[in-house]
Amino acid sequence: MSEKDIKEMRISILKAIEHDGRVDLNELAVRLGLDATDIANAMADMEKEGIICGYQTLIDWDKTDDERVTALIEVRVTPQRGQGFDSIAERIYKYPEVGSVYLISGGFDLMVIMEGRSLKEVSQFVTNKLSALESVLSCATHFIMRKYKLNGTVLAKRHEDERMLITP
Amino acid sequence: MREPIAKKVTDMKPSGIRKFFDIVSEMPDAISLGVGEPDFDTPWHVRDEGIYSLERGRTFYTSNSGLMELRSEICRFTRSHYGVSYEPASEVLITVGGSEAIDIGLRAMLEQGEEVIIPEPSYVSYVPCTIMAGGTPVVVNLKEENEFRLTAEELEAAITPETKVLILPFPNNPTGAIMERSDLEAIAKLCIEHDIFVLSDEIYAALTYKGEHATIASLPGMKDRTILINGFSKAYAMTGWRLGYACGPANIIEQMTKIHQYCIMCAPTTSQYAAVEALRHGDRDVEEMRQAYNERRRFLLHEFKRIGLTCFEPFGAFYVFPSIKEFGMTSDEFCTGLLMAKKVAVVPGTAFGDCGEGFVRISYAYSIENLKEAIGRIEEYITELRNRK
């Protein structure tokens, strides 16, 4: 396979597994017109290279009895000489309750997404840990009230197939 | 009271698909692979543009030919995608779906008794529209061994001094067959030699899985004798918007526009505004849908091979057309049996012409999960049929 073919194959594999991490490799090979061993090798390579970072499950926790609160926290920080935002980002992402950390443009610097068991737990984290960090200037916390769509999947009620059963 | 209905209408056969539709609708919990329209929704940015045009109060008629903006986009599109240039002001007509373009194209061109060559299996409207326009349909039965392409020999055998129009329905519904450039060249040669016009129904052009779609209009000498029909239904998943178009020589388009002006006035305005957006920014959506269809196509062909159902590899539209001849049943019997026994609806090949006997049309405008479930049931059904023998 040429380098271009491999690149193309990688993209089509990634597109296919992005929304279906459990797809059967033999089936995927049929669908993409590729060889199953080639796909398995490409996936192993991409895992090693850190392109594929994990295989997760999309869960709508609101439909379970498990109580969870998700918050988006906008954080303004002072960048540190020589390290920019990296070291403060690392200090924040090391907390296990923090799910995602993004460096963003605009009126603040870091977007932190975290999950807690209650509003109180999240508030305590923000007040006692996040705001207490030396280079953090301010935090604005937004609690998520409802998730409509997550990672490209609509969690709200979906429509049934309303097409007629037979059309020419 | 005297007979209210014209004889040529009562003589018209009801669509073969209608009969099967009535049986299927008695069974609402059946899984269907019988639909001839995309399972995708119209891309949101296109729908949004339609909504915006309503909000803006664009609820008026457009010109008979359609919005100039849309005609210009169509010309840009046919030039960049299919290598054929048209003049927006005189060579394009926006119609209510590709179906209207077929109808008025035939009506504009046919004198009483002039012959129209119609390859079958194909979409259900060509024969009745030809008859309604006063023409005489001459059916060419396409063959599986030719992958249901129209060959020059078949065409030549059907040509008479009365032949005026050839309908060229590729990529084809129901077979999924395509015509590649070399196939078209042989056809074009005959058309020029015998002075025949072509009505090329290319509504599935965007859904081609082998090379680029080729239109006969782009071949030397053919633009002047071809009406190219396309639309938004299949490529952009816009069936319900009812929007298509015809491109062709100004003298034919002008007369088609006259008929269109009296019976339709203009195509739906909301749809026209949405279609402008589709042509301007819809290429990526089309490509994503095409890839999804292609995955399903490969999957189905693989599954057919696994369960031993004979099927040529189709490279267009979203249909496969497997043969059921080994079971010694008619297409109707096979489909009714499958529906009754396993609650899976597929369409008998005969709905698309007599030579569809021995075949069924299976649509893959369904998710892979749906297809898997349906194939599982088809496998059970044919295993039972084989064991019975």
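I began in the loop between H8 and strand S6 (197-201) of chain B, where Asp195(B) lies. Helices (H or I, at least four residues) and strands (E, at least two) are DSSP runs, numbered from the N terminus. I note that this is a predicted model: local features need pLDDT of at least 70, side-chain atom pairs count only at pLDDT 80 or more, and totals for chains, interfaces and linings use all residues. Residues are numbered from 1 along each chain as its sequence is written, while chains are lettered from A and ligands numbered from 1 in the order in which they are written.

**Backbone entries**

I looked up phi for Asp195(B): it is positive, about 55 degrees, and the residue is not a glycine. Asp195(B) is exposed, with 9 other C-beta atoms within 10 Å. My cut-offs, with C-beta atoms placed from the backbone, are 20 or more others within 10 Å for buried, 12 or fewer for exposed, and partly exposed in between.

Arg242(B), also not a glycine, has a positive phi near 50 degrees. I found Arg242(B) in the loop between strand S7 (226-231) and strand S8 (244-247) of chain B. It counts as partly exposed, with 18 C-beta neighbours inside 10 Å.

Next I checked peptide bonds. Glu120(B) and Pro121(B) are joined by a cis bond, omega about 0 degrees. Pro121(B) sits in the loop between strand S3 (115-120) and helix H6 (126-132) of chain B. I place Pro174(B) in the loop between strand S5 (163-168) and helix H8 (181-193) of chain B. Most residues other than glycine have a negative phi, and most peptide bonds are trans.

**Domains**

I have domain 1 of chain B as 7-42 + 284-388 and domain 2 as 44-281; such bounds come from an automatic or database domain assignment. Their C-alpha centres lie 25 Å apart. I read 35 residues of domain 1 of chain B in contact with 36 residues of domain 2 of chain B, contact being C-beta atoms, placed from the backbone, within 7 Å. On the domain 1 side that touches domain 2, H11(B) gives the largest share, seven residues.

Conventions: Two residues are in contact if their C-beta atoms, placed from the backbone, lie within 7 Å.
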